[in-house]
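This report describes how the secondary structure elements of a protein chain are arranged and then turns to a few individual residues.

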Amino acid sequence: MSSNYNRQLRYLEVILKNGKVPHAFLFHGPDQSTCRLVADVVIRRFNDPGVSGWPELASAQTSSDVHRVQKLPDKKEIGIGQIRELRTFISRSAWGGRFKAAVIEEAHFLSEDGLDALLKTLEEPPAGSVIFLLSASINVIPKTIISRA
């Protein structure tokens, strides 16, 4: 993993040691595959704190406790229906880990209605849930979402 993320990974280790996991994270940058990898590694570490060190490859992407939201190929935006599905998913108890995680890939494609639904979820997150927003640009994410992630 790139050394550009060492500071962030050290911060996440501190979170794990303190046991106070925030309900949301915003990872942004032009390399979405790295943002996705970091989110997967963080999810794996949150759900399996016994893993020593940061694994080079994340296995969270196949977990039943992870829900991924992304723009559908035939759509221009991530819609409210997809965010409603996310809310339903994270409101249920985790199966194998400590947390249910939702990863919104390409969050910069969220529709206005989708953003409103996400804002409500971020304001009242279900217990035991963590939401990861991944975006190529932070400039298109509304400040109300940024302040809660």
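## Helices on the sheet

In this predicted model, helix H3, which spans residues 80-90, lies across the strands S2, S3 and S4 and runs at about 165° to S3. The sheet itself is open and has 4 strands in the order S1-S4-S3-S2, with parallel pairing. Strand S1 (24-28) and strand S2 (66-69) stand at its edges and have a single partner strand each, so one side of each remains without a neighbour in the sheet. From one strand to the next, the twist averages 15°.

Strands of a sheet pair through backbone hydrogen bonds, in either a parallel or an antiparallel manner. Here strand S3 (residues 100-104) and strand S4 (residues 129-135) pair in the parallel sense over 5 bridges, and Ala101 stands opposite Val130 in S4. Helix H2 also packs on the sheet, where it touches S1, S2, S3 and S4, and the direction of H2 makes about 170° with that of S4.

## The pair H1 and H2

Helix H1 (residues 6-18) and helix H2 (residues 32-47) have axes that come within 11 Å and cross at roughly 20°. As angles under 35 degrees count as roughly parallel, H1 and H2 are therefore roughly parallel to each other. The crossing in which H1 passes H2 is right-handed. On the side of H1 the contact is made by Leu9, Leu12, Glu13, Ile15 and Leu16, and on the side of H2 by Val38, Val42, Arg45 and Phe46. Sorted by class, this contact of H1 with H2 has 7 nonpolar and 2 charged residues, with no polar ones.

## Individual residues

His67 has its place in strand S2. With a relative accessible area of 18%, His67 is buried, because the class of buried residues covers values under 20%. Leaving aside neighbours within four places in sequence, His67 is in contact with Glu85, Leu86 and Phe89, and also with Ala101, Ala102 and Val103.

Asp65 is found in the loop between H2 and S2, and at 1% relative accessibility Asp65 also counts as buried. Not counting residues up to four places away in sequence, Asp65 touches Asn47, Phe89, Ala94, Trp95, Gly96, Gly97, Phe99, Lys100 and Ala101.

One of these contacts, Ala94, is located in the loop between H3 and S3 and is partly exposed, with a relative accessible area of 26%. With residues up to four places away in sequence not counted, Ala94 touches Asp65, Phe99 and Lys100.

Val140 belongs to the loop between S4 and helix H5 (143-146), and its 49% relative accessibility makes Val140 count as partly exposed. With residues up to four places away in sequence again set aside, Val140 touches His108 and Ser135.

| Residue pair | Separation along the chain | C-alpha to C-alpha distance |
|---|---|---|
| Asp65 and Phe99 | 34 residues | 7.1 Å |
| Ala94 and Gly128 | 34 residues | 7.6 Å |
| Val140 and Leu110 | 30 residues | 9.7 Å |

How values were computed:
Residues are numbered from 1 along each chain as its sequence is written. This is a predicted model: local features need pLDDT of at least 70, side-chain atom pairs count only at pLDDT 80 or more; totals for chains, interfaces and linings use all residues. Side-chain values use heavy atoms; hydrogens and water are left out. Axes are lines fitted to C-alpha atoms, for helices over the stretch in contact, and angles run from 0 to 180 degrees between N-to-C directions. Helices (H or I, at least four residues) and strands (E, at least two) are DSSP runs, numbered from the N terminus. Angles under 35 degrees count as roughly parallel, over 145 as roughly antiparallel, 65 to 115 as roughly perpendicular and the rest as oblique. A crossing is left-handed if the near helix is turned anticlockwise from the far one by less than a right angle, and right-handed if clockwise. Contact means heavy atoms within 4.5 Å. Ala, Val, Leu, Ile, Met, Phe, Trp, Tyr, Cys and Pro count as nonpolar, Asp, Glu, Lys and Arg as charged, and the others, Gly among them, as polar. Two strands pair if DSSP finds at least two bridges between them. Buried means under 20% relative accessible area, exposed over 50%, partly exposed in between (1.4 Å probe, protein chains only).
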